[in-house]
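Here are my notes on the salt bridges, written so you can follow along. Have the structure open while you read.

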Amino acid sequence: DVNVTVISVDDPPYLVTELPSYNVSEDSTVIDLNLSNYFSDIDSADDAIAYSVSIDRSDILSLDLSDNILRLSPLSDAYGSSVITIDANSSGLHKSVDFNVTVTPVDDPPYFINPITPQVLMAGTKHSIELSSIFDDHDSNTNLFSYFSISSNPALVEVTTKGTVLELHATEENYGHAEISIELNSSGLLVYSDFNVTVKQL
């Protein structure tokens, strides 16, 4: 008779199912992955697997790993492609897997840098406001902005826009209040601003 003894070998953890690649939009919601759904170990309890995670583009995604839950959070106004590497460690034996996350850019609307404060003009005078110091846009060339302005009381305050300059003209021999509305169009995305003008007599 021949006796055969089979000695057990501690096998490394393995991948149960492939990790998916993700394509998400800029400023979108977070991605949560339960890593215990993707890794297992035939020789050890799954809860004995320790995970570590690395990323090659920390400028577009933040990582948080807690209790086998990996949370990926797109950073504000950031986009691009990133490779996430997960290392599963079971009793010193490792299984490393990469997957991709692509964050696609989204054209954000323009926004205010500095709101226009209430203005006081004397009747018959003019005043100019440089709008390029009022609005900005992360995703578009500010030279391509288009502006539209209107006065609630044009008999009191006339308003025109020439390039990036808003011109106010308080008419002669009138006084009171007017509201000026400005519409900024940046690649079809709009933002609005209102401010008050008070006209006084000389």
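Which residue forms a salt bridge with D32?

1. Keep in mind that this is a predicted model. The partner you want is R71: its salt bridge with D32 has the closest N and O atoms 2.7 Å apart.

2. Now look at where those two sit. D32 belongs to strand β3 (residues 31–34), while R71 belongs to strand β7 (residues 69–74). They are 39 residues apart, so the pair links distant parts of the chain.

3. How exposed are they? D32 has a relative accessible area of 41%, which makes it partly exposed. R71 comes out at 38% and is partly exposed too. Both values fall between the cut-offs of 20% for buried and 50% for exposed, and that is why they get the in-between label.

4. Next, find R57. Its salt bridge goes to D59, and here the closest N and O atoms are 2.7 Å apart. R57 is partly exposed, with 27% relative accessibility, and D59 is partly exposed at 44%.

5. Then there's K162, which forms a salt bridge with E167. The closest N and O atoms of this pair are 3.9 Å apart. That pair still counts because the cut-off is within 4 Å. K162 is exposed, at 54% relative accessibility, whereas E167 is partly exposed, at 28%.

How values were computed:
Residues are numbered from 1 along each chain as its sequence is written. This is a predicted model: local features need pLDDT of at least 70, side-chain atom pairs count only at pLDDT 80 or more; totals for chains, interfaces and linings use all residues. Side-chain values use heavy atoms; hydrogens and water are left out. A salt bridge is a side-chain nitrogen of Lys or Arg within 4 Å of a carboxyl oxygen of Asp or Glu. Helices (H or I, at least four residues) and strands (E, at least two) are DSSP runs, numbered from the N terminus. Buried means under 20% relative accessible area, exposed over 50%, partly exposed in between (1.4 Å probe, protein chains only).
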